[in-house]
Amino acid sequence: MSAEPINLDSWRELPAAQQPEWPDHSALERTVAELQGLPPLVFAGECDELKDRLAAVVRGEAFVLQGGDCAETFAGATADNVRNKLKTLLQMAIVLTYAGRVPVVKIGRLAGQFAKPRSSGTETRGGVELPAYRGDMVNGFDFTPESRTPDPARLLRAYHSSAVTLNLARAFTKGGYADLRQVHAWNQDFVAESPAGRRYEQLAREIDHALAFMRACRADPEEFHTVEFYSSHEALILDYDRALTRVDSRTGLPYDVSAHMVWIGERTRQLDGAHVEFFSRIRNPIGVKLGPTTSPEDALALIDKLNPANEPGRLTFITRMGASKVRDALPTLVEKIHASGAQVAWICDPMHGNTFEAPSGHKTRRLGDVLDEVTGFFEVHHALGTHPGGIHIEFTGDDVTECVGGGHPIVEEDLALRYETACDPRLNRSQSLDLAFQLAELYRSS
Ligand SMILES: O=C[C@H](O)[C@H](O)COP(=O)(O)O
Ligand SMILES: C=C(OP(=O)(O)O)C(=O)O
């Protein structure tokens, strides 16, 4: 048991970036009090299990696949939607495990990814200025004063939507849908239409043969029938994540039980800021996004503050440099941190450094840039002898047209066809599989 209670409110004294301006503070306090009385969404023991899996990533023995929507929406918490995202994640994981020959730690940007940091606090349309959309946890997407006013009741809806989503994810991953014998079923609606689907079908046939062989040998391990799946989100709105922090009865230590893993974004990772302070107090495995301006000194100071015991699996750096910068910005960072002896996992987010505006005004990303950043990430780690530990992506299971490129190509003129994201552009299912095949090749040759 820990000797003294840990102060979970020390962050309140510090500047907290990207927080909503709640118009009604007493409503916020009532909501927070209600959240504090609600059951945990995940258990501390599950968070520890994920920490162990991430420790294997630090040792170079496993690879992280972390992904999901840029911004989940309340309306999107449906069985079809969650199943489609999980299906894509499972297909990507199978490609990586089979073709890349590496165990994959599966983490969704799911069941809690309801808040967004924004470049500007307001949005102007036709001369009207309103608060920017900050995710369904804070305000509505519609461009009206009512919808854009931050509403604390949304924190409760975020909790309940997370609970529904996590319940579906647990049912799909433990209840038979994720059984390896379903490798073909996951592809059924897809195979004929897309080159990635056809390539996947070939791989699924090989897996079938391998499974038949294993069964003939009377080997049918439990791992073939269910999947370990973990949830994660950017813990941006501190009132929410603090209200869902509970002291673990086994150890007396605090965990943010709104997700297994939480991360700090590029815009809120100030060393003397509230987010870093709050994260230093909770015991979940945590991530920190690092953009191209991060100095090795910044990263080392974050390690001192967030992982003073140098526990492997506790801290993951998610680098998001941009394809044009990764080969210049990443090497010194990795080299100096590795030389310090710090035990961190390195994950590449090839999305957030590669956003641009198409002539139509849509925010988009090129799959080619995404693949180039991932390739640069592998090159840097290969040259330094460190482990490229995973990827963090924004994707969806639907055939949206938000990013350009891919084996089943989408061009800039297609963007308006199915542009459905609430914030940043996501890879569709075919583009996600293209990425998985490329990753598997990179992994095998690294
Ligand atoms: O997902 C990341 C950020 O929230 C997003 O890129 C911010 O977008 P903006 O620059 O349109 O505010
Ligand atoms: C905001 C995000 O990324 P970053 O903090 O890296 O900009 C995100 O991943 O949603």
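What percentage of the 446 residues in the chain do buried residues make up? In this predicted model, for which local features need pLDDT of at least 70 and side-chain atom pairs count only at pLDDT 80 or more, totals for chains, interfaces and linings use all residues. Residues are numbered from 1 along each chain as its sequence is written, while chains are lettered from A and ligands numbered from 1 in the order in which they are written.

Buried residues, defined as those with 20 or more other C-beta atoms, placed from the backbone, within 10 Å of their own, make up 47% of the chain. The secondary structure comes to 12 helices and 14 strands, taken as DSSP runs (H or I, at least four residues, for helices; E, at least two, for strands). The radius of gyration, taken over C-alpha atoms, is 21 Å, close to the 22 Å that the globule rule (2.2 Å times the number of residues to the power 0.38) gives for 446 residues, so the chain is as compact as a globular protein of that length.

Ligand 1 is surrounded by residues that include Cys70, Lys116, Arg118 and Asp424, where a residue counts as near if its C-beta atom, placed from the backbone, lies within 6 Å. Among the residues around ligand 2 are Cys70, Glu234, Arg267 and Lys289, and that shell has 2 nonpolar, 2 polar and 6 charged residues, with Asp, Glu, Lys and Arg counted as charged, Ala, Val, Leu, Ile, Met, Phe, Trp, Tyr, Cys and Pro as nonpolar, and the others, Gly among them, as polar.

Conventions
A residue is buried if 20 or more other C-beta atoms lie within 10 Å of its own, exposed if 12 or fewer, and partly exposed in between; C-beta atoms are placed from the backbone.
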